[in-house]
Amino acid sequence: MERAEKREVVSALSDVFANTGVVVVAHYAGLSVSDMTKLRSDMREAGGSVKVAKNRLVKLALDGTDAQGISDLMTGPTCLAYSDDPVTAPKVAVKFAKGNDKFVILGGAMGPTVLDAKGVGSLAELPSLDELRGKLVGLLQAPAGKIARTVSAPASQLARVFSAYGSKDAA
């Protein structure tokens, strides 16, 4: 790979880290080409992307971004799964990891918040943006008593994720 190509890769990855809602880092050693193709396809269908790049180039791209805290995860054969929706990439990655023991989620980042594997799993349990939109439409048509119960459940899940990882931001 020539210098110009490396610059393009670093620039593209910098844009990814600056403009996506979440990035998931995972080891993929031992996965077949068909397994990686399935992961890419599943992620694309859900609205996310998967990228495999040299760790050194990823670390260069991470410098100066909010996701800079995940540079320690960039060892060995790693791939990045990312999406604009903070739930999409973790959902697809966790689902794929359950079916493939060679795909190991290391952690990720949601803005400046660094997540470990459990944090990524917690994000995967949250409802997706489409599910939340559906609930919102249902809320608008529901009686007032049901509105308070429906809104508090997803909000409390999200609050637990932020409180569990909020202390790492202060460090």
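Colleague: Which residue in β4 is the bridge partner of Ala26? Please describe the surroundings of that strand as well.

Modeller: The bridge partner of Ala26 in β4 is Ile105. Please note that this is a predicted model, in which local features need pLDDT of at least 70 and side-chain atom pairs count only at pLDDT 80 or more, whereas totals for chains, interfaces and linings use all residues. Residues are numbered from 1 along each chain as its sequence is written, and side-chain values use heavy atoms, with hydrogens and water left out.

Strand β4 comprises residues 104-110. Helices (H or I, at least four residues) and strands (E, at least two) are DSSP runs, numbered from the N terminus. Strand β1 (residues 22-27) is joined to β4 by 5 bridges, and the two run antiparallel. Two strands are said to pair if DSSP finds at least two bridges between them. In general, strands of a sheet pair through backbone hydrogen bonds, either parallel or antiparallel.

β4 also pairs with β5 in the antiparallel sense, over 4 bridges. Here Gly108 has Leu115 of β5 as its bridge partner, and Met110 stands opposite Thr113 in β5. These two strands form a hairpin with 2 residues between them. Gly111, in the turn, has a positive phi of about 65°.

Buried means under 20% relative accessible area, exposed over 50%, and partly exposed in between (1.4 Å probe, protein chains only).

Helix α5 (residues 117-125) has Gly119, Val120, Leu123 and Ala124 as its buried residues. Seen down the axis of α5, these residues fall within an arc of 145°, so they line one face of the helix; the arc is that of the directions from the helix axis to the C-beta atoms. Lys118 and Glu125 are exposed on the other side of α5.
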